[in-house]
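This report goes through one protein model and describes some of its local features. Please keep the sequence and the 3D view at hand while reading.

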Amino acid sequence: MAASVAATAEQEGLEILGTGIGMPELVEDGRITSDAVVGWTDAGVADAFSAHRPIRVEADIRAAALAEARLGGAADQPVAVYVNLGTGISHCLLIEGRPFEGQHGRALMSGSTLMTVLDTDRNVLVGSCMEDVASGRGISERYGRFSGEAVSAEQVFERAAERGGAARLVVDQSIELLGHMVANLVDILDPGLVIVGGGLANVPGLIERVGDVARRSVWSDRARNTPIHPSVCGPLAGVIGAGFTLLDRIP
């Protein structure tokens, strides 16, 4: 892909300044520290993209959030939260337009963290991760267990609207869970704005429904009015932000 872009740049007479990469992994100050989705290493990246140095790697959620901070709805917000609802689920806190990394680059794991609650009827603890049940992958897999069919999350939403049944159950439960997750982020981080992006954000009505659940679940009456808006940069947010991540480190 980089070679193809480089060839196009040469044809257009454009200068290549380097390579910005957004990865669905943990990244600490440009260093890859996990391999849950993509098994890339720092050395492998440096070797593969050696013709297009300098190279800057960033977590894809922070790259997307940075794009929204520069070009989107968070441009004028001192504190905002970007939430990605797609194949996976994650979040990024933006403070004065800068993605907050945390101590070790891990301040993004709202979808991967084990959440445990008490089932008071059975008096047992029940735990799950948001990604496993309410991400695009989770919705598809859960519906597949009901129906025996392998369909995409978008198709599950379509079936929920057309047929109801198991598809509607999966969709309704996922939206309820996502709304509570957004409410938790509002309660804990106190942003002035929540921006929702990712592939699932394109499902008609999803952001509105998630927002409705979030607003009735937020603890503070004042915080209940926190705006929840769709991403302005859309599916290109991560790509745009990867470029900004590189440019910000070029003198």
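P230 is a residue of strand 11, which covers residues 228-230. Leaving out residues up to four places away in sequence, P230 touches I195, V196 and I207. P230 and T41 are separated by 189 residues in sequence, and their C-alpha atoms are 33 Å apart in space. The model described here is a predicted one.

A probe the size of a water molecule, rolled over the atoms, shows where empty space is left. The table gives the volumes for this model.

| Space | Volume | Nonpolar lining residues | Polar lining residues | Charged lining residues |
|---|---|---|---|---|
| Largest cavity | about 40 Å³ | six nonpolar | one polar | two charged |

At least two lining residues come from each of helix 1 (2-12), strand 1 (19-23) and helix 9. Which element gives the largest share of the lining of the second largest pocket? That element is helix 9, with six residues.

How many cavities of 30 Å³ or more does a search of the whole structure find? The search finds one. The residues that line the largest cavity are V182, V186, A214, R215, V218, A223, R224, T226 and I228. Helix 7 and helix 8 (206-217) are the elements that give two or more residues to this lining.

**Two helices in contact**

Helix 5 (residues 136-147) and helix 7 (residues 165-189) pack at an angle of about 145 degrees, and their axes are 10 Å apart. The crossing of helix 5 past helix 7 is right-handed. On the side of helix 5, the contact is made by I139, R142, Y143 and F146, while helix 7 contributes A166, A167, L169, V170, Q173 and S174. By class, the residues of this contact are seven nonpolar, two polar and one charged.

**A serine in a loop**

S34 is found in the loop between strand 3 (31-32) and helix 2 (42-48). Which residues are in contact with S34, leaving aside its neighbours within four places in sequence? They are E25 and L26. With E25, the link is a polar contact of 2.5 Å between the two side chains. With L26, a polar atom of the side chain of S34 lies 2.8 Å from the backbone nitrogen of L26.

**Backbone details**

Most residues other than glycine have a negative phi, and most peptide bonds are trans. Two places in this model can be read against that background. D29 is not a glycine, yet has a positive phi of about 50 degrees. D29 is located in the loop between strand 2 (27-28) and strand 3. The other place is the peptide bond between R53 and P54, which is cis, with omega at about 0 degrees. P54 belongs to the loop between helix 2 and strand 4 (55-59).

**Summary**

S34 has a polar contact with the side chain of E25, and P230 touches I195, V196 and I207.

Technical notes
Residues numbered from 1 in each chain as written. Predicted model: local features only at pLDDT ≥ 70, side-chain atom pairs only at ≥ 80, totals over all residues. Heavy atoms only, no water. Axes fitted to C-alpha atoms, helices over the stretch in contact; angles between N-to-C directions. Helix = DSSP H or I, 4+ residues; strand = E, 2+ residues; numbered from the N terminus. Left-handed = near helix turned anticlockwise from the far one by under 90°. Contact = heavy atoms within 4.5 Å. Nonpolar A, V, L, I, M, F, W, Y, C, P; charged D, E, K, R; others polar. Polar contact = N/O pair within 3.5 Å; in protein donor to acceptor, adjacent residues only side chain to side chain. 1 Å grid on protein atoms, 1.4 Å probe; cavity = no way out; pocket = protein on both sides within 12 Å on 5 of 7 lines; lining within 4 Å. Points joined across faces, edges and corners; volume = space filled by probe spheres on them.
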